[in-house]
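Here's a quick briefing to read alongside the model. Have the structure open while you go through the points.

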Amino acid sequence: MVRLERLRADHADALLAFERKNRAYFARTVPDRGDAYFADFPGRHRALLAEQEAGVCHFHLVFDAEGRLAGRINLVDVQEGSAELGYRIGESAAGRGLATAAVAAILRLAADPYGLSELTAVTTLDNIASMTVLTRNAFTPTGDTLIDGRPGIRYTRRLPA
């Protein structure tokens with residue numbers, strides 16, 4: 001069981017605590033957000049909400065069956081019916097199928113109400129868990145890429161009209 005909540009202003013404190021707690025864990029497989037992200041978190045949070053209000057991004061928090069903040073999942077760079085999918089599940093919730101369930105849930109939102117027809121996603125080649133999540137959600141590998149200098153792979157998923 002997974003529940004997504006669209007990012008809101010009152011999520012700021014919980015989200016900052018989540019990001020701090022999982023910073024080292026995330027840095028093992030995805031580029032680190034850097035110290036500036038944490039130093040100006042309130043400003044960054046307001047900027048994300050403004051992007052969401054403008055319709056260029058859709059940000060969500062992922063909650064587990066017990067109602068604990070377990071991760072986040074985002075659709076960014078929305079344009080012409082397409083967006084890039086990004087997600088991260090915290091260390092304490094990893095390996096329980098939450099990422100797979102969260103991606104399935106965001107696929108439904110992406111098609112309706114967001115009206116998207118295609119999603120892309122990228123992951124590093126050493127992030128087997130992320131590749132598995134994407135494959136389980138019918139994403140197709142479409143080519144190699146570099147992510148902060150690390151070898152990666154790009155995926156695409158068409159959405160039903």
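**Fold at a glance**

Going from the N terminus, the chain's elements run β-α-α-α-β-β-β-α-β-α-β-β. That comes to five helices and seven strands, where helices (H or I, at least four residues) and strands (E, at least two) are DSSP runs numbered from the N terminus. Keep in mind that this is a predicted model: local features need pLDDT of at least 70, side-chain atom pairs count only at pLDDT 80 or more, and totals for chains, interfaces and linings use all residues. Residues are numbered from 1 along each chain as its sequence is written, and side-chain values use heavy atoms, with hydrogens and water left out.

**Overall shape and surface**

- The radius of gyration of the chain is 15 Å, which agrees with the value near 15 Å for a compact globule of 161 residues; it is taken over C-alpha atoms, and the globule rule is 2.2 Å times the number of residues to the power 0.38.
- Along the principal axes, the C-alpha atoms fill a box of roughly 35 × 35 × 30 Å.
- Of the 161 residues, 45% count as buried (under 20% relative accessible area, with exposed over 50% and partly exposed in between; 1.4 Å probe, protein chains only).
- Among contacts (heavy atoms within 4.5 Å) with a separation of 6 or more, 59% link residues 24 or more positions apart.

**The nonpolar cores**

- The largest nonpolar core has 31 residues, and I73, L75, L85, L116, L119 and F139 have the most contacts inside it. A core here is a set of buried Ala, Val, Leu, Ile, Met, Phe, Trp, Tyr and Cys residues joined through side-chain atoms within 4.5 Å.
- Strand 3 (69-79), strand 4 (82-89), helix 4 (98-111), strand 5 (118-124), helix 5 (128-136) and strand 7 (150-158) each give two or more residues to this core.
- Helix 4 supplies the largest share, eight residues.
- A second, separate core of 15 residues includes L7, A12, L16 and L48.
- Back at F139, and leaving aside neighbours within four places in sequence, its contacts are L85, V103, L107, L119, A121, L134, Y155, T156 and R157.

**A look at A104**

- A104 is found in helix 4, and it counts as partly exposed because its relative accessibility is 25%.
- D10 and A104 are 94 residues apart along the chain, and their C-alpha atoms are separated by 25 Å.
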